[in-house]
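These are my notebook entries on a structure that I had not examined before. I set down what I looked up, entry by entry.

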Amino acid sequence: MPGALDQISWVVVGYAVLVTLVTAYSALRWRERPPWLDSMAWMLETLLAIRALAGLGALLGDDRPAAFSTHVGYLVASVFVLPIALRSIAEDRGPWS
């Protein structure tokens, strides 16, 4: 039976696929990034933060990964990469931003 961390990961992956499909559709359809797409990206960031906290909880518990530093690096990167990307395109409303 999958654990809570696996279930959270599947929700995050499913939502990321949804955001990707909506982004591709909006780039082809409207030629400009709609404002609600930014909200979807920030919701994805919230889910990633929840997933990182659950991963940190798993680290503090019994579930120790084989490569501890790599696992922590992935947790940190998953939380910080998306806000940096969103801030870098905040003013650009073009279809490929």
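This is a predicted model: local features need pLDDT of at least 70, side-chain atom pairs count only at pLDDT 80 or more; totals for chains, interfaces and linings use all residues.

Entry 1, surface. I looked up the accessible surface of the protein chain and found about 6800 Å², of which 69% belongs to carbon and sulfur atoms. Accessible areas come from the Shrake-Rupley method with a 1.4 Å probe, and for residues only the protein chains shown count as cover.

Residues are numbered from 1 along each chain as its sequence is written, and side-chain values use heavy atoms, with hydrogens and water left out.

Entry 3, overall form. I found 3 helices and 0 strands in the protein chain; helices (H or I, at least four residues) and strands (E, at least two) are DSSP runs, numbered from the N terminus. Along the sequence the pattern reads α-α-α. The radius of gyration is 16 Å, well over the 13 Å that the globule rule gives for 97 residues, so the protein chain is more spread out than a compact globule. That radius is taken over C-alpha atoms, and the rule is 2.2 Å times the number of residues to the power 0.38. The C-alpha trace spans about 50 × 30 × 20 Å along its principal axes.

Which residues make up the largest nonpolar core? I listed 8 residues: Val 12, Tyr 15, Val 19, Leu 37, Met 40, Leu 44, Leu 47 and Leu 48. The elements giving two or more residues to this core are helix 1 (4–29) and helix 2 (35–60), and helix 2 gives the most, with 5 residues. Such a core is a set of buried Ala, Val, Leu, Ile, Met, Phe, Trp, Tyr and Cys residues joined through side-chain atoms within 4.5 Å.

I looked up what the buried residues of helix 2 pack against, and found helix 1 and helix 3 (68–88). Among these buried residues are Glu 45, Ala 52 and Gly 55.

I placed Met 43 in helix 2 and found Met 43 partly exposed, with a relative accessible area of 39%. Met 43 and Arg 33 are 10 residues apart in sequence and 16 Å apart in space, C-alpha to C-alpha.

Technical notes:
Buried means under 20% relative accessible area, exposed over 50%, partly exposed in between (1.4 Å probe, protein chains only). Contact means heavy atoms within 4.5 Å.
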